[in-house]
Amino acid sequence: MWQILKNRIKQGYRTCRYPKEEPVFPARFRGRPITNGLAVDLGKLLFNEDIKQALPPGVLDYSTDYRLAATKRADLVLNDNELKLASCLEKKMKQLFGRSLKLRAVCAGSCNGCDSEIQALGNVVFDLSRFGIQFVASPRHADGLMITGPVTKNMEYALMKTYEAVPEPKIVIAVGACAISGGPFVNSPEVKNGTDGLLPVDLYIPGCPPHPFTILDGLLRLLDRLEAPKI
Ligand code: SF4
């Protein structure tokens with residue numbers, strides 16, 4: 001017991017000061033791409049080294065900018081390195097959800113990479129609940145869904161029933177390349193290529209998987225808890 005207390009005191013305050021302080025990423029972090037005349041769809045990009053190596057040198061590189069979430073699918077297409085970051089919910093929705101947002105997570109056939117990053121949001125470093133955002137077990141207690149995975153045929157019915165069970169008004173958040181476009185499973189006969197076309201998506205958070213700060217940034221933009229986006 002004393003050892004636990006001693007360790008706890010030694011660790012000190014572990015929660016990051018985001019959004020008051022910007023997070024710092026190592027140079028190897030693969031964030032928002034920097035392209036040289038190439039239109040990149042962040043909703044499909046897997047943020048891997050292979051694609052960079054496959055292109056001629058200098059055409060694609062990655063910055064350490066973790067801010068990637070967008071409100072519209074079309075905004076995820078990076079043209080001339082410009083990205084329109086997510087805007088906040090309309091006034092009525094913001095009044096309803098602004099201080100307390102309850103989400104039901106649905107893994108619609110993901111590899112669990114995105115789910116691990118979502119789970120990390122609950123740890124002591126990110127402490128998602130300090131923003132009034134929590135995950136709930138029942139869709140009937142939720143304000144919206146946070147979906148991962150390409151929506152496999154086996155999960156399609158369960159996803160639609162879960163969506164129906166969320167009371168109106170509700171929001172849908174697609175996390176990761178799979179949930180946005182099918183990701184590495186795109187065009188497989190076993191998947192629906194993500195949530196687009198199945199459900200009305202309010203927030204797209206790209207990545208494979210997205211960093212917890214990318215997810216947090218998207219959520220706070222949606223709830224208008226951040227300053228005007230700096231591009
Ligand atoms: S986007 Fe990548 S990490 Fe997320 S579920 Fe798909 S394959 Fe896994």
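User: How do the residues of the shell around the ligand divide into nonpolar, polar and charged?
Analyst: This is a predicted model. In it, the shell around the ligand has 7 nonpolar residues, 3 polar ones and no charged ones.

User: Which residues are around the ligand?
Analyst: They are S110, C111, G113, C114, A177, C178, P184, G207, C208 and P209. At least two residues of this shell come from α4, and at least two come from α6 (176–181).

User: Where is P209 found?
Analyst: P209 is in the loop between β9 and α7. The peptide bond that joins C208 and P209 is cis, with omega about -10°. Most peptide bonds are trans.

User: What about the bond from Y18 to P19?
Analyst: That peptide bond is cis as well, with omega near 5°. P19 belongs to the loop between α1 (2–11) and β1 (33–35).

User: Changing topic: in what order do the strands of the open sheet come?
Analyst: The order of the 5 strands is β6-β5-β7-β8-β9, and they pair in parallel. β6 (133–135) and β9 are the edge strands, each pairing on one side only. From one strand to the next, the twist averages 25°.

User: How many bridges join β7 to β8?
Analyst: There are 5 bridges between β7 and β8, and I147 stands opposite A174 in β8. Between β5 and β6 the pairing runs over 3 bridges, with K102 opposite Q134 in β6.

User: Which way do the side chains of β8 point?
Analyst: I171, I173 and V175 point one way, while V172 and A174 point the other way. In a regular strand, side chains alternate between the two faces of the sheet. In β8, 5 of its 5 residues are buried.

User: Which strands does helix α5 touch when it packs on the sheet?
Analyst: Helix α5 (residues 153–165) touches β5, β7 (144–148) and β8, and its direction makes about 165° with that of β5. Helix α7 lies across β5, β6, β7, β8 and β9, and runs at about 165° to β9.

User: Is α7 mostly covered or exposed?
Analyst: α7 is mostly covered, with 11 of its 11 residues buried. Among them are F213, D217 and R221. The buried residues of α7 pack against β5, α4, β6, β7, β8 and β9. After α7 comes D224, which has a positive phi near 60°.

User: Which members of the largest nonpolar core touch the most others?
Analyst: In this core of 33 residues, they are I133, I171, I173 and L219. Elements that give two or more residues to the core include α3 (91–97), β5 (101–107) and α4 (113–120). α7 provides the largest share, 6 residues. A second, separate core has 27 residues, including F47, Y62, V151 and Y163.

User: What is L219 in contact with, leaving aside its neighbours within four places in sequence?
Analyst: L219 is in contact with L103, L128, I133, M146, I173 and L203. In soluble globular proteins, nonpolar side chains tend to be buried together.

User: One last topic: what is phi of N187?
Analyst: Phi of N187 is near 70°, a positive value in a residue other than glycine. N187 lies in the loop between α6 and β9.

User: Why does N187 count as exposed?
Analyst: N187 counts as exposed because its relative accessibility is 61%, and the cut-off for exposed is over 50%.

User: And what of N193?
Analyst: N193 is not a glycine either, and its phi is positive, about 60°. N193 is placed in the loop between α6 and β9. With a relative accessible area of 24%, N193 is partly exposed.

Definitions and conventions
Residues are numbered from 1 along each chain as its sequence is written. This is a predicted model: local features need pLDDT of at least 70, side-chain atom pairs count only at pLDDT 80 or more; totals for chains, interfaces and linings use all residues. Side-chain values use heavy atoms; hydrogens and water are left out. A nonpolar core is a set of buried Ala, Val, Leu, Ile, Met, Phe, Trp, Tyr and Cys residues joined through side-chain atoms within 4.5 Å. Buried means under 20% relative accessible area, exposed over 50%, partly exposed in between (1.4 Å probe, protein chains only). Helices (H or I, at least four residues) and strands (E, at least two) are DSSP runs, numbered from the N terminus. Contact means heavy atoms within 4.5 Å. Two strands pair if DSSP finds at least two bridges between them. Axes are lines fitted to C-alpha atoms, for helices over the stretch in contact, and angles run from 0 to 180 degrees between N-to-C directions. A residue is near a molecule or strand if one of its heavy atoms lies within 4 Å of it. Ala, Val, Leu, Ile, Met, Phe, Trp, Tyr, Cys and Pro count as nonpolar, Asp, Glu, Lys and Arg as charged, and the others, Gly among them, as polar.
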